[in-house]
Structures are given as C-alpha cells and as structure tokens.
Amino acid sequence: MKKLIVPAAAVLIVNLLAGLLITAYAPMNLLFTSLAIVINTFLVWLLFAFGAESTHRLSLGICFLAVGTLEFLSGFFAPARWTDNWWAIGLVTLTAIEAVLAYLAIHYSRKS
C-alpha cells in the first residue's frame with residue numbers, strides 16, 4: 001500500500017507547490033490536475049483494499065495510470081471555468097468508467 005500512497009502523495013505535493021509558485025498555473029487547472037491525482041489514486045487503492053485479484057490489480061492499475069496521466073496532462077490545458085467545460089465532462093465520464101471497472105474487478109474477485 002505504501003508503494004501506492006507515497007508516490008501519489010509526492011506528485012500531489014509537487015503539483016500543489018507548482019500551483020502556488022507559478023502564476024501562470026490557473027487555480028482551476030490546479031484543482032483539475034489535483035483531482036485527477038486523487039481520484040485515480042483512490043480507485044487503485046480500492047482495488048488493493050477490497051482484495052481484487054492480483055491480475056486485476058495489475059491490469060487495471062496500468063489502465064488507471066494511463067488514464068490518470070492523460071487526465072493530469074490534459075488538465076493543464078483545460079478551460080479555467082465550470083460552465084461549458086468539456087474537459088470536466090470527460091473527467092466525470094472516465095472516472096465513472098474506471099469506477100465501474102473497479103467495482104466489477106472487486107465483485108468478481110469475491111465471487112470466485
């Protein structure tokens with residue numbers, strides 16, 4: 001579990017410090033990138049905490065890492081507003097898909 005939390009916390013701290021130190025880093029973009037880090041870390045933590053099989057943890061962990069990296073990098077270029085924000089809609093959609101995949105992995109690991 002420490003192998004998951006420590007790197008995620010380090011990336012989150014660096015992201016927050018960069019947001020506080022760089023004036024061109026809009027507060028809304030800081031929020032978006034921080035949300036991407038926290039949400040994807042939480043979903044991977046769920047896989048470990050609720051005992052998904054090791055193959056599911058590995059494959060979904062890699063998928064969540066890829067999607068989280070995409071969300072993080074695209075968060076820098078997201079519009080800095082809540083209304084008419086397609087990036088936020090995409091984040092919610094990807095998070096919903098990831099949550100369903102995590103639920104299915106945990107559910108079917110407990111059945112077998």
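Q: How do the residues lining the largest pocket divide by type?
A: They are 14 nonpolar, 5 polar and 2 charged. Ala, Val, Leu, Ile, Met, Phe, Trp, Tyr, Cys and Pro count as nonpolar, Asp, Glu, Lys and Arg as charged, and the others, Gly among them, as polar.

This is a predicted model, where local features need pLDDT of at least 70 and side-chain atom pairs pLDDT 80 or more, while totals for chains, interfaces and linings use all residues. Residues are numbered from 1 along each chain, and side-chain values use heavy atoms, without hydrogens and water.

Q: What makes threonine 95 buried?
A: Its relative accessible area is 17%. Buried means under 20% (exposed is over 50%, partly exposed in between; 1.4 Å probe, protein chains only), so threonine 95 qualifies.

Q: Where is threonine 95, and which residues is it in contact with, leaving aside neighbours within four places in sequence?
A: Threonine 95 is in helix α4 (residues 86–111). Its contacts (heavy atoms within 4.5 Å) are Ile39, Leu43 and Glu71.

Q: How do you know whether the span of α1 is close to the expected one?
A: Helix α1 (residues 2–21) has 20 residues and reaches 28 Å from its first C-alpha to its last.

Q: Which residues of α1 are buried, and why are they said to be on the same side?
A: Leu4, Ala8, Asn15 and Gly19 are buried. They cover an arc of only 40° around the axis, so they share a side of α1. On the other side, Lys2, Lys3, Val6, Val14, Leu20 and Leu21 are exposed.

Note on methods. Helices (H or I, at least four residues) and strands (E, at least two) are DSSP runs, numbered from the N terminus. The expected span of a helix is 1.5 Å times one less than its number of residues. The arc is that of the directions from the helix axis to the C-beta atoms.
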